[in-house]
Structure formats: C-alpha cells, structure tokens
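Here is a short tour for someone new to reading protein models. Keep the picture open beside the text and look up each place as we get to it.

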Amino acid sequence: MVTKPIALWGFMGSGKTSVGKALAQKLGYEFVDTDEVIAQKFGKPISQIFAEDGEAAFRRAESELLTELLQRQRVVIATGGGMPTVPENLAALRTKALNFYLRVPTEILYERLAAVKDRPLLEGFADRYWRIATLLAQRERFYTQAQFIVNCGRQTPEQIAEKIFAWVRALDNDDDTVTVDLGERSYQVLVGNDLLSRMERIVEARDLQPPFAVVCDESVKNLGETVRENLSKLGKSEQTCVPSGEASKSIEQAISLWHWLADIAMPRNGTLFAVGGGVVGDLVGFVAATYMRGVAYVQVPTTLLAMVDSAIGGKTAVDLPHAKNLIGAFHQPSLVISDLSCLRTVPDRAFIAGLAEVVKYGVIADPALFHYLRDNADLILRRHPVALRTIIARSASIKASVVSLDEREQTGLRMILNYGHTFGHALEAATKFQLLHGEAVAIGMTAEAYLAWRLGWCEREVLDWQTEVLRALELPTKLKEVAEPVPEPDIALLTEIMLRDKKRKGSIVRFALPKRLGETAITDFPVPDDLIADAWVFVLR
C-alpha cells in the first residue's frame, strides 16, 4: 500500500477537503488542508491575504508548506486550487506524492460557487460561470498531469474517497502511474514491479467485472496462468493461448477467439485480458472491439515494446497478406498493467528491439529522454530496474499525451508516433517478418532521419546523434547489422509496399520526419521517388 503523501488536486469547489477528510479516515492518515493552514498562519481569510499581502505572498506560503508536507508519510493533502499550476510545486508533487485530480464539470462547480464570498479569484466578475470556465480551462493542462484523474459528478465525498482508497491500497510507493485522459473513458497505465501479484487489488480498484477471459502468447503461458489464478479470486476466469509470432495477428486467429468466447458464454459485461507482446495485444484488442460490439479489455504487456507503445492508445488490428494492420478498430483498454518483473526473462534480442520505440519518443517529443538513453545505455541494457521504470513511464506518458489529444488521428498529431514506421513496416513485410518490429523501426528511423536531412528539414547532426544512440543501445541502423542475417529485399518491392501504407493520403505516402530533437512534422506533399530510393539504399547497402 502507498504510504507516501496522497495529494488531491482540483478547482475550488471540487470537494478536495470533504473527500480528503473521508479518505484520511479510511486510511488512518493525517489530513491537511493547505488553504486552512495558510489562513491560520496569516491569521486571516484567504481573500484578505490576497487583498492585503498579494497573491505572490500566498503562493510563496503555499510552496513552503508543500515542501514541508512532502517530507511526511501517511498524510492526505487537500491542495489549493492553484498549487499545481506553479512549476516547482507541480514537479515536487509528481515526484514525491501520489496525486488525484478531482475533475468536476463546470456546471456543478458553478452551482457550488455561485454565491460563495471567500473566493478572491472569482470576485469582481459579473459572469461568474464564464470566469469559472475560463480559469478551469487555464488550469486543466496542469491538473491532468496528476497520476489519476477521478471524474466526479454528483457522487458523495465518501463514494469518491472509496475509489481513491482502492487505488492507494492496490499500489506501492515505487509504482509509476500515467493517465490516458479520454474523459469518461480515461484509464491508467501502471508501471511497477510485481504488479501481477497484486492483480486482484488492481482489478478491484478499476472496478472491472468478471467473468474474465485471459488470452496469452504461448511463450508466456506461465504468466497467463498467474493472471488467471489471481483473477479467479474475484470470479470465474478462463484462459487460452495463441501461437507466438506475427502470424497470429490474423483474421483466422480472431475468428478462433470469437468462437472460444462464445463457447465459454462470455457476456458483454465481462473483461478480456491480453497477456503478451504487441501481437497478442493488437489481436485481443481487435477481438474485444468486435465481440458483442465491444467488451472491456486489459492490456498486460510482457515485452518492452508493448509496454512503451502498442499496449497504449487503443489501436487494434490484424494483418492481411498485403500489409500490416489493414483490418482494425480504435478500442481503448480499460487498464494497462506493465509489470517490470516480466522483462527479466525476455530474450536479449527482443528486449533490445523494444528500445527502438523509446528512442523514437526521445526524437519526436523529448530531448531529455533522448539524452537519458545516451547517458544510461549501459544501465538500460543491464535492465536496471530504476532505469527501466524511468524510460517506460516517460514513454508511456508521451504516448498518453498524444493519444489524449488525437485519439483517432483526426488532427494529424498522432501521426508523429509513426516516425520510423513507414519504412519499418515495408521492411517487415518485404522480409516476411524475419525482422523484429523494433529492429525494423530502428532501421526505419535511420532511413527517415536521412530523408529529413536530404529534404532540408533537419541538420545532419540529428541523424548522427540518433545513430549514436541506436548503436549504443545495440540496435541496428542498417539491414546488415540485424542479429540474424536477412536477405536484402528489392527496392521496387519495398516502394510498392509503401504505396499501400494506411497513412497515405490519396497516392501520397506521408512521413513523420524530425525537424530537430523534440519536434516532428508530417509531409503532405509527394516526396520525390529518387530520395525515397536513396534512403533505402542508405540503410540496405
């Protein structure tokens, strides 16, 4: 159970104090309302502090108090509404506390705040609803960085406290949590050690319903059985396995699983569990999206690649002989459980291949992550638990942010996640999937960074830096560097496969290309065929 500080975030009127008191009583923890303590310190109400001492003095007092409170254990903190909007406070809370954002609809906040007097940031505004909506919109981007977003409507403080209590009970201090913020369909990505041993508490906290149907890759059948046994404590639980390898991502395998679910009389309110790598995750997600027009499912990724990428975001699919992922649906999981203990037995080649997606996140969105990979390559390759938790949680956070803003690729933002994949998918298909996905993506990133440089989108140093990090992590940047030799495919065949890429716009093949570390853009113009061919030559020969 978590013993570090529990912090409740939210707008004024969201119920942090009443929920906090109820939660502290359940946990047997101390309760502190920061606004109340500061008012006592100054000897006057918050509104008077703002009027006489200024908001800056109030914010200084908040930060000082927070620093002191975060040294404690077993304390529930009701934060002031503006506390997480101060960068230093936000960083401290994210590092040292388990944080819950109590998200309340604007209309309910207005009902609670329409007539109150002691709210200095609302005073003087004739249209108080507009003021609440505007201020909440400004703060939302800070609030949603809490590890948990609790969608609160008209539940009682005790009901909300019960939800939070379940999560506090299910987690340990060293667990990392990321929220994929999709409103009522939001879900958590949990990253930690020995999560499978806590499966019962975690599933109870998410309120997932039995019966449970566990589908696992046959290579991790023992982990699937562990999941099934723990779930059986909560209700009926069945298990089946699918063969390892990309060939299982087929319509035939999906049909087999539909029949299995019907045979075990799986109802619409049950829950599927996908235990394995990206193949099982994509397949089970697709089956969950289509069985009875959609049932809940949980991703339990057991490979690094699945933990940092494919298990998050709700893209589900099966392959056709023509290309990967041509038949699919968007169907978000209810929960992602990334147990770092599963990585202990992953073969070296598969583990290293998964690092390609982490490098991708560093290039497209986070130079700090990119430099962390460069500086800690040795620790990462040795699977140091702190290094693994750092890169997996950060990668999950980046993926979650992009998915939250562009769930179905309607704005184009989510396309940046395809960096390295247009070349990579073509290479996988042309070599009949003899390459691991991460190996193909690493080579694909090299080709696409080369293409970006040749187009004048980025400096050559971006390609050079990326090559340095890929090689430090023992990832291939050329086809000849792959661990198991693969015959060189024909460039004409590769180009033909690229023309079937699902990201194309009409006849235009689109690429996500770097402009600099941390900034990526999408090509919406025909990239010259000779440049694409040159990029293929660069990585093939």
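Thr316 counts as buried, because its relative accessibility is 4% and buried means under 20% relative accessible area, with exposed over 50% and partly exposed in between (1.4 Å probe, protein chains only). This is a predicted model, where local features need pLDDT of at least 70, side-chain atom pairs count only at pLDDT 80 or more, and totals for chains, interfaces and linings use all residues. Residues are numbered from 1 along each chain as its sequence is written, and side-chain values use heavy atoms, with hydrogens and water left out.

**Around Thr316**

- You will find Thr316 in strand 12 (residues 315-320); strands (E, at least two residues) and helices (H or I, at least four) are DSSP runs, numbered from the N terminus.
- Its side chain reaches the backbone oxygen of Ala329 at 2.7 Å.
- Leaving out residues up to four places away in sequence, Thr316 touches several others, including Asp282, Phe286, Tyr297 and His331; contact means heavy atoms within 4.5 Å.

**Helix 11**

- Helix 11 (residues 251-263) has 13 residues, which should span 18 Å at 1.5 Å a residue, and its end C-alpha atoms agree by lying 18 Å apart. The expected span is 1.5 Å times one less than the number of residues.
- Which residues of helix 11 are buried? They are Gln253, Ala254, Leu257, Trp260 and Leu261.
- Seen down the helix axis, these buried residues fall within an arc of 120°, so they line one face of helix 11; the arc is that of the directions from the axis to the C-beta atoms.
- An α-helix has 3.6 residues a turn, so residues three or four places apart point the same way.
- The buried residues of helix 11 pack against strand 8 (212-217), strand 9, strand 10 (271-276) and helix 12 (278-290).
- Turned away from that buried side is a face with the exposed residues Glu252, His259 and Asp263.
- Just after helix 11, Ala265 takes a positive phi of about 55°.

- Seven strands make an open sheet with mixed pairing, in the order 6-7-14-11-10-8-9; two strands pair if DSSP finds at least two bridges between them.
- Strand 6 (176-180) and strand 9 (237-242) stand at the edges with a single partner strand each, so one side of each has no neighbour in the sheet.
- Strand 11 (residues 296-301) and strand 14 (residues 335-339) run parallel, joined by two bridges.
- Within this pair, Val298 stands opposite Leu335 in strand 14.

Technical notes:
A polar contact is a pair of N or O atoms within 3.5 Å; within protein, one must be able to donate a hydrogen and the other to accept it, and residues adjacent in sequence count only if both atoms are side-chain atoms.
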